[in-house]
Amino acid sequence: MSDYKKPDYWSLKAQKEGYPARSVYKLREMDEKFSLLPRFLGADTSFRILDLGAAPGSWSLYVLRRMAGRGFLAAADLVPLSRQYDKGLFEGKNFFFIRGDITEQELQETLAVRGPYHLVMSDAAPATTGNRSVDTLRSLALVETVIHYADTILAPGGSLVAKVFQGEGSPEILKGIRERFRLGKSFKPRACRGSSFETYYIGLGKK
Ligand SMILES: C[S@@+](CC[C@H](N)C(=O)[O-])C[C@H]1O[C@@H](n2cnc3c(N)ncnc32)[C@H](O)[C@@H]1O
């Protein structure tokens, strides 16, 4: 069975802990390492987060559970969120989901009016074709869109997390992040599959 088909340690752990996808452990590790969410997030009622490429919804659920009903989370994806584990959290007043393409201007405007945000996080990834150059190019186009969100609706001092397929062009993206943020880093969480060429670019402290 291929690396992608077998239910691995992280997928089984996600099921057990009530998350629809193993990717929650990537966000959790980045949060623990870089303090993406304030430690006492539930106490900060003004904190606003944007989750791009949010389905099936593990990152959104992680944030909503940490927020404990306060703050605000907006999320977007081409496909709907899974309702299997949310126990009503996706119907809460502090959550907004829009189905659509994050590269489209109308959707960007819908999200902008609900900002500015203190954290923009994107796990958005193109459907892979198996051709690494094609997949990398598509991923870079998405990351450029995510950086546009950071430029326009991320508050000064805010943070950015963006999934990137590494390849030609990705070092330039990291350079652009370093110019915009106090700290720009590439980080590959333990829960990324061994065979994958994905990593995350992190920007802390928007200038
Ligand atoms: C790896 S999944 C995200 C997993 C999610 N972070 C979670 O924890 O459940 C990547 C998502 O990116 C979404 N996506 C890819 N391109 C997109 C686009 N142009 N607009 C919106 N969503 C997109 C896909 O539909 C897919 O659901």
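## Helix H5

Helix H5 has 22 residues, 132-153, and at 1.5 Å a residue it should span 32 Å; its end C-alpha atoms are 31 Å apart, which agrees. The expected span is 1.5 Å times one less than the number of residues. Helices here are DSSP runs of H or I with at least four residues, strands are runs of E with at least two, and both are numbered from the N terminus.

This is a predicted model: local features need pLDDT of at least 70, side-chain atom pairs count only at pLDDT 80 or more, and totals for chains, interfaces and linings use all residues. Residues are numbered from 1 along each chain as its sequence is written.

The buried residues of H5 include Leu-140, Val-143, Ile-147 and Ala-150. Buried means that 20 or more other C-beta atoms, placed from the backbone, lie within 10 Å of the residue's own; exposed means 12 or fewer, and partly exposed is in between. An α-helix has 3.6 residues a turn, so residues three or four places apart point the same way.

The buried residues of H5 pack against several elements, among them helix H4 (105-112), strand S4 (117-122) and strand S5 (154-165). Contact means C-beta atoms, placed from the backbone, within 7 Å.

## Strand S5 and its partners

Nine of the 12 residues of S5 are buried. S5 runs parallel to S4, joined by five bridges. Leu-119 stands opposite Ser-159 in S5. S5 runs antiparallel to S7, joined by six bridges. Here Leu-160 stands opposite Gly-203 in S7. Strands pair if DSSP finds at least two bridges between them.

Technical notes:
Contact = placed C-beta atoms within 7 Å.
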